[in-house]
Amino acid sequence: MRRKLAAGNWKMNGSSEALAELSELAGHHPAPSVDILICPPAPLIHRAAQAISGSSVAIGGQDCHAQSAGAHTGDVSAAMLKDAGATAVIVGHSERRVGHDERNEDVRAKARAAIENGLIAIICLGESLAQREAANTLDIIGGQLSGSVPDLVTGENLVIAYEPIWAIGTGKVPTLAQIGEVHDFIRARLERRFGAGVGRSVRLLYGGSVKPDNASEIFAVPNVDGALVGGASLKAADFSPIISALEAA
Ligand code: PEP
């Protein structure tokens with residue numbers, strides 16, 4: 001049985017004032033039947049973790065370096081995220097793959113570092129619009145999956161987020177059949193590589209323009225175990241109904 005997960009990615013948004021949203025969110029969901037995770041910008045992680053300590057909301061990072069320490073100006077290691085109070089980290093988001101030229105092997109090394117430091121690695125995969133229109137989606141997802149996921153994974157330390165690049169922040173969402181096709185494909189590939197036990201226990205999130213008004217239908221798709229949410233995670237008033245929809249699914 002996979003415990004569902006509602007994860008929010010604040011990206012490069014939010015200041016100390018935004019911490020009030022976390023308390024409000026935790027107040028709305030004191031004993032949720034799903035996991036709730038918010039990934040604020042790195043400078044807010046420590047304060048966010050302190051602000052919601054003991055609540056139902058967990059805190060994660062948005063990226064980490066593959067090394068634990070050293071001469072990497074501007075980077076943050078998985079050990080540092082853990083030390084700041086994070087329990088998970090997003091790696092391989094398309095805004096990092098595209099904007100920072102991250103390749104599958106970079107994402108794999110970051111995911112390994114995350115897991116070795118006791119964090120849940122949320123590995124993002126997704127095709128561009130051109131790749132979808134060329135009917136290459138499953139090839140792209142298959143390549144990202146085999147290249148980005150390290151060998152040491154379990155259902156506890158790995159989450160996969162399927163995020164079509166063309167659906168992120170655009171208001172465009174794939175059809176439910178398209179989401180289902182990719183999630184079934186990812187599940188089958190995980191089972192083939194890691195065996196049924198691990199393959200069936202890894203949570204698969206959908207991400208890309210999830211909003212309160214489309215969450216329920218997306219969560220009804222088989223093999224969708226939750227969502228990675230950008231814009232609609234910034235305000236508790238928007239994220240809370242998405243969490244409730246996941247609880248009801
Ligand atoms: C994201 O950035 O991971 C994302 C899914 O963004 P949005 O929900 O805003 O499309």
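Visitor: How do the residues of the lining of the second largest pocket divide into nonpolar, polar and charged?

Guide: That lining has five nonpolar, nine polar and three charged residues. Ala, Val, Leu, Ile, Met, Phe, Trp, Tyr, Cys and Pro count as nonpolar, Asp, Glu, Lys and Arg as charged, and the others, Gly among them, as polar. The second largest pocket holds about 160 Å³ of space. Of its 17 lining residues, Ile168, Gly169, Ser209, Gly230 and Gly231 are the closest to its centre. This is a predicted model, where local features need pLDDT of at least 70 and side-chain atom pairs count only at pLDDT 80 or more, while totals for chains, interfaces and linings use all residues. Residues are numbered from 1 along each chain as its sequence is written, and side-chain values use heavy atoms, with hydrogens and water left out.

Visitor: What lines the largest cavity?

Guide: Gly92, Ser94, Arg97, Cys124, Leu125, Gly126, Glu163, Ile165 and Ile168 line the largest cavity. Helix H4 (94-99) and strand S5 (120-125) are the elements that give two or more residues to that lining. By class, the lining has four nonpolar, three polar and two charged residues. The space in this cavity is about 40 Å³, and a search of the whole structure finds one cavity of 30 Å³ or more.

Visitor: What makes one space a cavity and another a pocket?

Guide: On a 1 Å grid over the protein atoms alone, a cavity is a set of points where a 1.4 Å probe fits but cannot get out, whereas a pocket is an open set with protein on both sides within 12 Å along at least five of seven lines; lining residues have an atom within 4 Å of a point.

Visitor: Which helix gives the most to the lining of the largest pocket?

Guide: H2 does, with three residues. The largest pocket holds about 500 Å³ of space. Of the 21 residues that line the largest pocket, Pro41, Ala42, Gln62, Asp63 and Arg96 are the closest to its centre.

Visitor: Why is H1 called roughly parallel to H10?

Guide: The axes of helix H1 (residues 19-28) and helix H10 (residues 236-248) come within 9 Å and cross at roughly 30°. Angles under 35 degrees count as roughly parallel, so H1 is roughly parallel to H10.

Visitor: Which residues of H1 meet H10?

Guide: Glu21, Glu24, Leu25 and His28 in H1 meet Ala236, Ala237, Phe239, Ser240 and Ile243 in H10, where contact means heavy atoms within 4.5 Å. These residues divide into five nonpolar, two polar and two charged.

Methods. Grid points are joined across faces, edges and corners, and a volume is the space filled by probe spheres set on the points. Helices (H or I, at least four residues) and strands (E, at least two) are DSSP runs, numbered from the N terminus. Axes are lines fitted to C-alpha atoms, for helices over the stretch in contact, and angles run from 0 to 180 degrees between N-to-C directions. Angles under 35 degrees count as roughly parallel, over 145 as roughly antiparallel, 65 to 115 as roughly perpendicular and the rest as oblique.
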